[in-house]
Amino acid sequence: VMALVMPPAHGARRRGVPGAAVWVALGAFILFSLVVPRFFTSGNLANVLRLASILCVASCGQAIVLILGGIEFSFGSSVALASVVAVTSIATVGPVAAFLIAAGVVAAIGAINGGLIGRLDLPPFIVTLGMLMAVAGVAASLVGGQPIDAPPSDIFAWPASGRLAGVPVPVVAAAGCVVILHLLLSVTRIGREWYLAGANPAAARLAGISVGRAIFVGYVVAGLFCALAAVILTSRVGSGQPELAPNLPFETIAACAIGGIPLAGGQGRAYQVVCGVLVIAMMNNAVVLLNLPVAGQHLMIAAVIIGAVLLQKVDRPARRLLAALRGEGRR
Amino acid sequence: MSAIARLTAARRFAVAPLCLAVAVLLFSLTTPEFLTPSNGTNIGTQMWVLALLAIGQMFAIVTRGFDISVGALAALSSTISALAANAIGLPGAAVGVLVGLLSGTLTGFLIGRLGVQPIVATLGMLIGLRGLSLLITGDGQVVPLAESETASHLAFDPVLGMPPMTWLALFAAVVAAAILGRTALGRRLVMLGSNPEAAHLVGVDAVRAHIRAYQLCGGFAGLAGVLILMRAGTGLPTDGSGMELQSIAAAVIGGSALSGGVASVLPVVLGAAFIQVLLTGLNLQGVSPFLAQIVVGLVIIGSGLLGFITRRLQPSFQTGERT
């Protein structure tokens with residue numbers, strides 16, 4: 001019988017040794033600080049954090065799915081549906097309820113995905129790709145493919161532009177999500193089950209874990225993270241847009257991959273999500289500060305995404321070198 | 001192949017023809033304009049951009065990968081083809097295929113040699129190719145074709161029953177089927193997808209095979225770009241977004257297993273035809289075109305459910321089933 005609270009599944013052996021993700025993020029930070037004018041100013045760094053926050057919230061959800069060995073594409077259209085639902089229902093139910101309904105829709109999509117993948121054992125790629133397209137169709141049908149504006153309201157604007165103790169709400173939300181993700185992954189039973197189900201579902205099943213249930217819960221929790229991201233994003237754009245963030249699934253996957261979370265499942269930590277998200281946000285900020293033309297921005301972003309992932313691969317040889325220097329033999 | 005495995009394979013390849021037949025039947029019964037020769041010709045020529053992208057996608061999928069850069073690649077190809085055709089005459093448009101091959105080589109190198117996951121590598125390529133398109137055209141200006149009338153003849157006027165560009169696309173599909181089914185390369189790609197370790201043991205060079213797979217994918221996307229150019233009469237540097245998912249959808253509805261190793265060209269083409277019929281048919285009915293997206297999404301999930309039903313019916317033959 002498993003204890004309710006368990007030590008971290010991974011990284012125990014190398015506790016205290018930060019992974020390659022930290023070095024990549026730190027390297028990018030130092031590089032941008034030296035090379036990019038006005039990058040290293042308090043105003044700009046706050047801006048980077050604000051830019052990073054929405055991606056960070058959604059990436060926390062994606063990380064859980066990747067740890068489960070799955071993939072979640074439907075984020076791209078579920079945030080769009082959420083924004084459309086929020087804006088169309090605000091007139092009748094008010095902003096708070098509108099946001100709750102929108103968040104409920106995203107969580108429900110996560111639950112459907114989780115049910116199909118966890119309970120019926122369908123492939124995640126197919127389910128979430130199909131859901132991505134179907135939900136995009138629903139979002140567009142609801143508003144005839146055209147964006148609609150939300151009536152101006154302070155409450156509606158709060159999730160994106162409000163402040164809590166002087167800190168922007170999205171940044172607080174992102175920090176909270178990272179802490180929750182860290183706790184879920186490191187001290188809860190379900191977190192441990194996600195690692196095991198992702199690393200080796202057959203073995204996990206033999207160990208008495210309900211893999212289907214773990215997967216279902218994972219997609220629902222991922223949907224909840226995405227729901228929060230959807231609320232902040234809707235509040236920021238102040239409108240219901242059927243094509244709100246089509247690249248969100250790819251950006252969240254890229255953030256996790258840059259952070260060094262393998263797409264094969266079974267591994268991944270909250271700090272890696274933070275590092276990956278920060279690399280993407282710093283880069284998006286740097287290309288603007290450098291005043292690059294749009295074409296140049298695209299090319300640089302592409303190079304950084306692939307380059308940062310390639311740098312992850314240097315991780316293992318570097319570790320071996322460190323071990324050799326310390327005089328530890330190869331095991 | 002055991003009888004059961006053959007049956008399962010047959011079932012997955014039956015999804016596309018079945019969906020196509022149902023869609024054609026429904027639209028024929030409900031929309032009088034649907035079953036007209038002109039509409040048939042229209043769909044028959046229009047579907048090939050998606051079909052070519054889906055065939056390319058299939059080569060990536062059969063090796064357990066996929067490529068989300070194909071839409072951006074087709075756009076870049078149409079742009080460079082337009083520039084080349086304007087510089088040296090219409091045959092210069094063939095450069096588009098070369099663009100696709102080059103891009104595919106880089107993608108294949110990133111995935112096969114450097115071990116970057118397909119989604120990250122092709123996301124990087126997607127963004128980079130968009131950047132290149134913008135760079136070449138000065139922030140997204142379309143490139144009108146000087147000989148757009150000849151191009152339009154090639155794309156729309158039938159010769160021996162079909163426009164020359166449609167003949168070309170059909171020929172490319174036949175070549176794809178031959179490569180997949182009849183050549184050592186096709187065998188290697190299928191082996192790599194169905195069991196990478198075994199493929200390695202029998203001497204398949206995985207790096208080379210990956211590069212070939214993405215070259216094929218890129219080459220077909222490049223050809224799709226040339227087709228876009230001929231149809232539109234202009235190079236469209238910012239076109240093609242959404243095409244990557246549609247092409248994956250067509251390939252999946254066409255029975256390609258995302259876990260690799262199972263694919264066939266004809267069902268993939270029929271999968272593309274199904275999506276095109278859906279788009280055109282709903283358009284004729286005056287229904288919101290977004291309904292087509294919903295249907296395609298549900299069909300994709302449905303094709304996954306098929307695997308579930310198969311497993312339920314034959315619980316002892318789980319190993320024969322592929323996702």
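M230(B) is buried, because its relative accessibility is 4% and buried means under 20%. The model is predicted. M230(B) sits in helix α10 of chain B, which covers residues 206-232. What does M230(B) touch, leaving aside its neighbours within four places in sequence? Its contacts are L90(B), A93(B), A151(B), S152(B), L154(B), A155(B) and M165(B). Another residue gives a sense of distance. A84(B) and M230(B) are 146 residues apart in sequence. In space, their C-alpha atoms are 13 Å apart.

Stay in chain B and move on to two helices. Helix α11 covers residues 243-253, and helix α12 covers residues 265-285. Their axes come within 7 Å. They cross at roughly 120 degrees. That angle makes α11(B) oblique to α12(B). The crossing of α11(B) past α12(B) is right-handed. Which residues make the contact? On the α11(B) side they are Q246(B), A249(B), A250(B), A251(B) and I253(B). On the α12(B) side they are V268(B), G271(B), A272(B), F274(B), I275(B) and L279(B).

Is α11(B) mostly covered or mostly uncovered? It is mostly covered, with 10 of its 11 residues buried. Among the buried residues are M243(B), E244(B), L245(B), S247(B) and I248(B). A249(B), A250(B), A251(B) and I253(B) are also buried, and these four take part in the contact with α12(B) as well. Just after α11(B) comes G255(B), with a positive phi of about 90 degrees.

Most residues other than glycine have a negative phi. R64(B) is not a glycine, yet its phi is positive, near 75 degrees. R64(B) belongs to the loop between α2 (37-62) and α3 (70-88) of chain B. Its relative accessible area is 42%, so R64(B) is partly exposed.

R38(A) is not a glycine either, and its phi is positive, about 65 degrees. Where is R38(A) found? It is in the loop between α1 (20-35) and α2 (42-67) of chain A. Is R38(A) buried or exposed? It counts as exposed, because its relative accessibility is 56% and the cut-off for exposed is over 50%.

Now turn to the aromatic rings. A pair of rings is described by the distance of the centres and the angle of the planes. Over all chains, the count comes to 9 aromatic pairs. Why is the pair F99(A) and F156(A) called stacked? The ring centres are 4.9 Å apart and the planes meet at 20 degrees. Planes under 30 degrees apart count as stacked, so this pair qualifies.

This pair links distant parts of the chain. F99(A) is in helix α4 (residues 95-119) of chain A. F156(A) is in helix α6 (residues 154-161) of chain A. F99(A) is buried, with a relative accessible area of 8%. F156(A) is buried as well, at 3% relative accessibility.

Chain A also holds an aromatic cluster. F29(A), F32(A), F39(A) and F40(A) form it together. R119(A) lies over the face of F216(A). The distance from R119(A) to the ring centre is 5.8 Å.

Methods. Residues numbered from 1 in each chain as written. Chains lettered and ligands numbered in written order. Predicted model: local features only at pLDDT ≥ 70, side-chain atom pairs only at ≥ 80, totals over all residues. Heavy atoms only, no water. Phe/Tyr/Trp six-rings, centres within 6.5 Å; stacked < 30°, edge-to-face > 60°. Buried < 20%, exposed > 50% of the residue type's maximum accessible area, 1.4 Å probe, protein only. Lys NZ or Arg CZ within 6 Å of the ring centre and 35° of its normal. Axes fitted to C-alpha atoms, helices over the stretch in contact; angles between N-to-C directions. Parallel < 35°, antiparallel > 145°, perpendicular 65-115°, else oblique. Left-handed = near helix turned anticlockwise from the far one by under 90°. Contact = heavy atoms within 4.5 Å.
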